[in-house]
Amino acid sequence: MAILSAEHSDQLYWLGRYSERVYTTIKLFAQQFDDMLDLKTEEYETFCEKQDIPNIYASKEDFVRRYCFDEADPNSIFSNLIRAYDNAVVLREEIGSETLCYIQLAVYDMNKAKNSEAPILHLQKVMDNIVAFWGMVDDSIDSECVRSLIKFGKRLERIDLYVRMRIDRREIKREMKRLNLRIGRTGLKYNTTKLAHLNYLVEVTPMDYELILQEIESLLDQEEKLAAGF
Amino acid sequence: MRKLRFQYHMQLNFESPAREHHFTLRCMPVQDERQSIVKEQIAIYPKHYSSTQVDSFGNRCMYGTTKEEHTCFAVDVKGEAVVDHTRFIEAPSHKVGLYRYQTRLTEPGPYLNTFHECMSVMLEQMNSPLKKAQLMMEFLYYSYRYTPGVTGVNTTAEEACRLQAGVCQDYAHMMLSLCRKEKIPCRYVAGMMLGEGATHAWIEVYADGRWIPLDPTHNRAVDDTYIKISAGRDAQDCTINQGVFMGGGKQQQEINVIVEEI
Amino acid sequence: MNTEELCKYSDSVNELLARYGVKFGIYKNNTFKEQLFPFDMIPRVIHQKEFDYLERGLKQRVTALNAFIKDIYGDKKIIKDGVVPEEFVYSGSGYLAQCEGVMPPKGIYSHIAGIDLVQGKDGSWYVLEDNLRIPSGASYPMIARDLCRKGLPSAFEKYHIEDNRNYAKMLRRTMDNVNTGGHTVILSPGRYNAAYFEHSYLAEQTGAHLVTGNELVVENDWLYFIDYSGKKERVGAVYRRISDEYLDPMNFNEESVIGIPHIYDIYRKGNVALLNAPGNGVADDKGIYYFVPRMVTYYLGEEPILQNAPTYLPYYEADMQYVLEHFDSLVLKDVAEAGGYGVVFGSKMTKEEKEQFIALLKKEPRRFIAQEVIDFRDIDIYEDGKIVPRKADLRAFVLMADEPLVWKSGLTRFSRNPDSFIVNSSQGGGFKDTWVMAE
């Protein structure tokens with residue numbers, strides 16, 4: 001019988017979020033990198049602004065290096081991957097060694113990418129491992145609530161990133177639909193009014209991006225969550 | 001034999017609210033060959049869940065948890081004790097060995113060693129552990145001055161010896177340290193005395209198959225005016241109120257004991 | 001079997017071990033680091049007949065050790081009869097007075113024992129150390145075996161090698177045997193513990209829940225796991241991988257923040273099983289080790305099957321004399337230290353060091369034991385494309401379930417340094433699988 005502590009449920013949710021953050025930011029970064037090849041301007045400034053991270057980078061080259069691989073930069077992709085790993089490594093018996101190993105492999109590949117001559121090419125391997133990890137989550141985790149917690153975290157993070165990056169409304173609506181289906185299966189207490197409000201917000205024109213971001217982060221009422229745990 | 005009525009009150013005041021407070025209380029007098037307890041009433045404040053048990057040293061404990069926030073934690077124990085010091089607590093010699101070895105609180109250092117050294121010639125001439133203990137008690141009594149406020153609950157025997165001052169707990173620890181240097185099994189006793197005030201501490205030495213209580217603070221044998229609460233290797237085993245909690249800030253403890261004859 | 005054939009797969013198996021995060025943590029300059037545990041492909045092979053002998057001896061030894069712990073915290077007959085001097089019991093750091101008079105479920109104290117053995121050049125086995133607190137290491141050969149079977153199917157097809165992946169089942173049986181009703185959990189100090197991989201792997205393999213102290217709570221004399229919806233689930237067995245000291249701040253170290261307040265109080269009442277029992281340290285103390293063969297005779301009325309390495313107790317006058325006369329040929333161990341620390345070789349000391357040590361020895365004879373340096377049988381390892389001999393030991397695991405069970409494998413640790421006798425992983429050693437093979 002599956003029993004899950006408040007701590008583990010939290011870690012599953014954050015594992016979902018950070019794995020998604022790594023995957024999608026690599027994707028967004030690759031796009032950005034490609035755009036920058038043709039431009040002389042400091043295009044990465046807008047990228048940082050949209051993602052709401054401080055622009056601490058000295059040059060285009062510095063941005064590529066540090067945003068991807070600097071473990072000391074809390075906003076780097078590597079730092080986010082380490083956070084995913086930190087959550088995954090304490091969940092071995094919930095998710096299984098066969099699933100956990102893909103996060104481990106992503107870390108190894110991230111290190112390889114960092115030391116590689118063609119780092120962007122190598123980041124593809126990191127993405128491959130994340131995708132394999134998600135595949136294993138679907139394929140090998142029996143407990144619906146364990147699975148749903150990871151996937152819910154992943155959906156929520158994706159909406160957050162897509163909204164930040166002003167991605168096409170259709171994409172955001174699709175992710176919102178998936179989130180609606182997932183949230184009820186997690187066993188988490190959430191704010192139903194906020195969920196309804198979010199569903200409304202993604203329909204209206206023009207889209208109020210800031211308000212969506214605000215609402216999405218408060219979907220899981222922290223106090224309620226704590227009350228449920230203790 | 002005497003019949004004594006006792007009231008024990010302990011109150012812990014917190015500067016700021018404490019919560020998740022786990023406690024273990026050792027403030028209920030023991031039931032043994034020398035004393036029996038009747039009409040006992042125990043009250044703990046605030047709301048809590050608790051349970052009782054007897055620990056490895058034979059002491060009665062109440063332990064539990066108070067979850068709610070509180071700025072005061074209190075316990076009251078009332079009852080009557082029938083004490084008879086003409087009776088003895090007996091124990092087989094192979095089971096008292098654990099009381100023969102020094103603990104962190106009784107471990108001697110240069111001061112206690114020197115103190116012990118002064119008596120060595122006399123001690124060598126004695127063959128009864130009780131006689132030795134009595135001699136050391138007398139020496140201790142005349143060499144040190146009862147001085148409250150100099151030592152604390154964590155003061156070791158060696159530290160007290162260096163300060164040449166202390167309270168009943170320190171006298172007891174110094175006695176334990178000296179007896180253990182003589183390889184005499186001995187234990188710390190926490191209890192109450194006839195009158196009004198705080199708790200008291202003395203020791204028991206093991207001699208001829210029996211535990212003999214001695215009060216080094218007063219340099220005398222223990223009689224029917226003493227009520228024993230608990231015993232252990234040192235004061236730590238007899239901690240009256242042990243607790244871990246969140247918050248609380250500064251704490252201040254009040255203890256009030258009344259023992260009267262009926 | 002051809003060792004070259006085995007070694008061909010060395011890199012790929014080590015790669016797989018890395019994939020599964022087979023690591024142990026160490027602290028260097030106060031920072032936590034995870035290190036891969038180097039695996040050597042050449043197995044230690046023990047033939048079935050020889051292992052049968054070890055198995056009988058191990059069962060006997062652990063049964064006697066369990067009887068000793070029960071006796072010490074209970075009747076103390078062995079002290080009364082003068083077989084073990086009282087001083088060795090009460091002044092050792094492993095004895096815990098808080099455990100006096102406490103009877104664990106089914107009277108089992110040592111559920112999981114790790115007995116360290118070495119083999120001499122003449123082939124005879126010696127017990128070097130008993131580990132009855134929280135011995136670790138079983139997970140490494142378990143996972144390595146799984147990967148080796150993939151890499152070397154032919155070897156496993158050709159020979160009859162006992163499958164050691166049943167350790168999880170044995171462990172589960174041991175935990176279920178004493179469970180007082182409810183869930184089974186593995187209590188870990190957290191991921192920054194040296195053996196965290198093992199904690200999480202054993203949880204996965206046995207189907208137990210891996211928990212930290214703050215996920216468990218004692219209420220109304222029972223132990224509960226609180227799930228994320230706030231529901232309380234009773235816990236009946238705790239395989240705890242935190243030391244006695246930190247287990248319960250109300251009964252042991254008050255400063256502990258990783259323990260569970262009052263867990264020992266309800267254990268005393270028989271409401272939960274703790275594996276291993278607190279207080280076991282009284283029996284695996286290096287000073288007590290000397291007396292283990294005597295315990296076998298005393299409690300079981302049998303001749304000890306396994307022998308200790310020849311050991312001297314400077315506590316005894318005659319032994320002290322021997323130690324002083326043969327100082328250069330002995331290894332001296334501080335009884336309070338573990339993990340390969342506090343071990344010195346008489347022959348490797350300078351004149352000054354020796355004088356200092358002997359002064360200390362005379363002052364605190366109870367603190368040390370001396371042993372003959374055993375002429376180890378070296379064991380082959382594969383290093384940088386070459387096969388070289390190294391020192392190695394064998395940690396055998398003995399589980400006390402409804403009957404004593406010996407794991408038909410073990411953790412073989414070797415020293416990577418050719419001049420060193422110290423095989424501990426914390427000091428850079430590697431490991432091998434141990435094959436128990438039919439002739």
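## Confidence of the model

The term pLDDT denotes the predictor's confidence in each residue, on a scale from 0 to 100. The structure is a predicted model, in which local features need pLDDT of at least 70 and side-chain atom pairs count only at pLDDT 80 or more, while totals for chains, interfaces and linings use all residues. Residues are numbered from 1 along each chain as its sequence is written, and chains are lettered from A and ligands numbered from 1 in the order in which they are written.

The model scores ipTM 0.93 and pTM 0.92. Chain C has an average pLDDT of 92, with 98% of its residues scoring at least 70; for chain A the average is 89, and 93% of the residues score at least 70. Helices (H or I, at least four residues) and strands (E, at least two) are DSSP runs numbered from the N terminus. Over residues 223-230 of chain A, pLDDT stays under 50. For that stretch the model has twelve contacts beyond four places in sequence, a contact being two residues whose C-beta atoms, placed from the backbone, lie within 7 Å.

## Contacts between chains

Of the two pairs of chains that touch, chains A and C have the most contacts. This contact takes 20 residues from chain A and 20 residues from chain C. On the chain A side, α1 (6-38), α5 (92-95), α6 (97-114) and α12 (222-229) each supply at least two residues, and α6(A) gives the largest share, five residues. By class, this side has ten nonpolar, seven polar and three charged residues; Ala, Val, Leu, Ile, Met, Phe, Trp, Tyr, Cys and Pro count as nonpolar, Asp, Glu, Lys and Arg as charged, and the others, Gly among them, as polar.

Between chains B and C, 16 residues of chain B are in contact with 23 residues of chain C. The chain B elements that give two or more residues are β1 (2-25), β3 (49-54) and β15 (241-247), and β3(B) provides the largest share, three residues. Chains A and B do not touch, their nearest C-alpha atoms being 11 Å apart.

A residue is buried if 20 or more other C-beta atoms lie within 10 Å of its own, exposed if 12 or fewer, and partly exposed in between, with C-beta atoms placed from the backbone. Eleven of the eleven residues of helix α9 (residues 196-206) of chain C are buried, so the helix is largely enclosed by the rest of the structure. The buried residues include Tyr196(C), Phe197(C) and Leu202(C), together with Glu198(C) and Glu204(C). Gly207(C), which follows α9(C), has a positive phi, near 75°.

Chain C also holds an open sheet of four strands in the order β13-β16-β14-β15, with antiparallel pairing. β13 (311-312) and β15 (343-345) of chain C stand at the edges with a single partner strand each, so one side of each is left without a neighbour in the sheet. Strands pair if DSSP finds at least two bridges between them; β14 (residues 330-334) and β16 (residues 368-372) of chain C do so over five bridges. Lys333(C) stands opposite Ile369(C) in β16(C).

## Nonpolar cores

A nonpolar core is a set of buried Ala, Val, Leu, Ile, Met, Phe, Trp, Tyr and Cys residues joined through C-beta atoms within 7 Å. In the largest core, of 179 residues, Phe68(C) and Val238(C) touch the most other members. Domain 1 (3-303 + 376-437) and domain 2 (310-372) of chain C both give residues to this core, so it lies between them; the domain bounds come from an automatic or database domain assignment.
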